[in-house]
Amino acid sequence: MNPFDYKRVTTLKDAISAVKPAASVFLAGGTNLIDLMKRGVTAPETLVDINNLPYNKIEKTATGIRIGAMVHNSDASEHPLVTENFPLLSLALKSGASPQLRNMATTGGNMNQRTRCGYFYDTTMPCNKRSPGSGCSAIGGYTRMHAIFGTSEQCIAVHPSDMCVGLAALDATVTISNGKSEKKILFTDYHRLPGTDPSKDNILQKGELITAVDIPFNKLAKNAYYLKIRDRASYAFALVSVAAALDIQNGLIQSARLAMGGVAHKPWRLFEAENMLQGKRPTNDNFLSAANLAMTGAKSFGANQFKLKLAPNAILEALHLAAGKSAS
Amino acid sequence: MKEKNPGTEENKGSSRRTFFKQSSAIAALALTPVSIVKASEKGLDEKIASAFEKMPLRVEINSKAYSLEVEPRVTLLDLLREQLHLTGTKKGCDHGQCGACTVHVDGRRVNSCLTLAVTTEGKKVITIEGLAKGEELHPVQQAFIQFDGFQCGYCTPGQIMSAVCCIREGHANDPDQVREFMSGNICRCGAYSNIVDAVMHAKKGGQQI
Ligand SMILES: Cc1cc2nc3c(=O)[nH]c(=O)nc-3n(C[C@H](O)[C@H](O)[C@H](O)COP(=O)(O)OP(=O)(O)OC[C@H]3O[C@@H](n4cnc5c(N)ncnc54)[C@H](O)[C@@H]3O)c2cc1C
Ligand code: SF4
Ligand code: FES
Ligand code: FES
């Protein structure tokens, strides 16, 4: 690992001013940052340790719950406000990484973790995300883990987070502070597609800090499921994952939420399939139509071709599992 | 050279910063980390020095208070093994992928390979060396022996530290739950089924874990 300066901050103001210099970055749980530094993928000159910032609570607000940026993934996954109101998020969190890593990982760090594309990690290979303009080794290379939606000619990597797929499905918002003012944006607008600048994973600007994520209350808690398909039963990144939540009243779907992981550069929300399901009965036929609709525009790159079949099957299965949990 | 060796006792008072100021940037260049090279190109001796600056670290390890000096880039795992010679904690992958380095920090199980030592300031660390009460093994250690929860034993300290928390967290209610909540510990020997038996036995034994 490269040598660096280490600064511990306890206030928002200090955090923002310490991270202003070009080669300064925030250190939260360190589970992604330290890994990348050990591999030489990134070499910051200053780490600003934000673990002592006061954003470490989960609270009830007038319209939902607020999860602080420093809350650990394990704590969020077990908190009664989360398990009772948003079981989908709890399942998504628990499917990620390992108990040890979840004890370290934070809400803000999880959102900002980088892709697991093998070429991004391999500093001897061209990669537009790590080294803009050098090319994309994945295109024409080994693509088993790569995207099928929203790709560009510059990058076909996926965002690896499970938590983020849950938050995208649950209409969460992100609060970002620059030390002087705050802005709130939709979670689905936080991560971006690679386009012509894959080096940027999201819309966070230099000198900005995520302070919290808000989730509005909904009626989707009874029929929710997070299905994660991976190479082993646990402790592995998703090949494809699906967050599915349904509000079923009198046998009809009042509203649906669907998002996928492992298929795009950002958590992939399936708005059209959701709309299609609204007002319909939770039947296999309707679920199948939604799954097929969701696959519109999907494109594979060699070794990830299996995802074109796996993804709709996973959507179908997740919808059944969500519907099956119905108390009625 | 008449300069004192910076590593010796007699020189303890003067900091590494002084050493780097005295020595030429060429010496630092041989160490070649990017930021150092960049800093020396710009003639920023001060920056070179600060990159190697050690920080004070007060931490309690296995109920013993330590007052240490560490470079910020030293992981808790390397501090334990290389500086304190607590070699019970193992390095498997060094990247969070195997769990061999699992220790407890303020009662929570974490991967010490991805934990910077400086982030444990003021905290309590427990390693496998701190689990037994004197000659009396911890019930989970005892259970691993009784159920043959290992073959080569390399993953075992991490497995045991992880298992203690798995039980304390309330995640050892049935074998499936143990498998899921012990999944952060890989065993190349494949002693998994005996590990699950050991954890279930320790949990059911009713002893204080
Ligand atoms: C072996 C392994 C397996 C894993 N498996 C999974 C998995 O299956 N599913 C999954 O979802 N994840 C998985 N992960 C990834 C893990 O979830 C992330 O590493 C973790 O969530 C990152 O959080 P952190 O707090 O440790 O972030 P850090 O590593 O501390 O930081 C990551 C980035 O976020 C930035 N950052 C942190 N907090 C803030 C903030 N508040 N505002 C702005 N920027 C911030 C940092 O500057 C840094 O750039 C795995 C990781 C490992 C090592
Ligand atoms: S897919 Fe993206 S991250 Fe992977 S090599 Fe191509 S540019 Fe880099
Ligand atoms: S050595 Fe830390 S997880 Fe493998
Ligand atoms: S006992 Fe050999 S690795 Fe687990």
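Guide: A polar contact is a pair of N or O atoms within 3.5 Å; within protein, one atom must be able to donate a hydrogen and the other to accept it, and residues adjacent in sequence count only if both atoms are side-chain atoms. Between chain A and chain B, 20 residue pairs are in polar contact, both residues at pLDDT 80 or more. This is a predicted model, in which local features need pLDDT of at least 70, side-chain atom pairs count only at pLDDT 80 or more, and totals for chains, interfaces and linings use all residues. Residues are numbered from 1 along each chain as its sequence is written, chains are lettered from A and ligands numbered from 1 in the order in which they are written, and side-chain values use heavy atoms, with hydrogens and water left out.

Visitor: Why is the meeting of Asp75(A) and Arg108(B) called a salt bridge?

Guide: The term requires a side-chain nitrogen of Lys or Arg within 4 Å of a carboxyl oxygen of Asp or Glu. The N to O distance here is 3.2 Å, so the pair qualifies. Across the interface of chain A and chain B, the rule finds two salt bridges.

Visitor: How many residues of chain A and chain B are in contact, and what area do the chains bury?

Guide: With contact meaning heavy atoms within 4.5 Å, 35 residues of chain A touch 39 residues of chain B. Buried area is the accessible area (1.4 Å probe) that two parts lose on being put together, summed over both. Pro3(A), Gln100(A) and Tyr235(A) supply 22% of the area that chain A buries against chain B, more than any other three residues.
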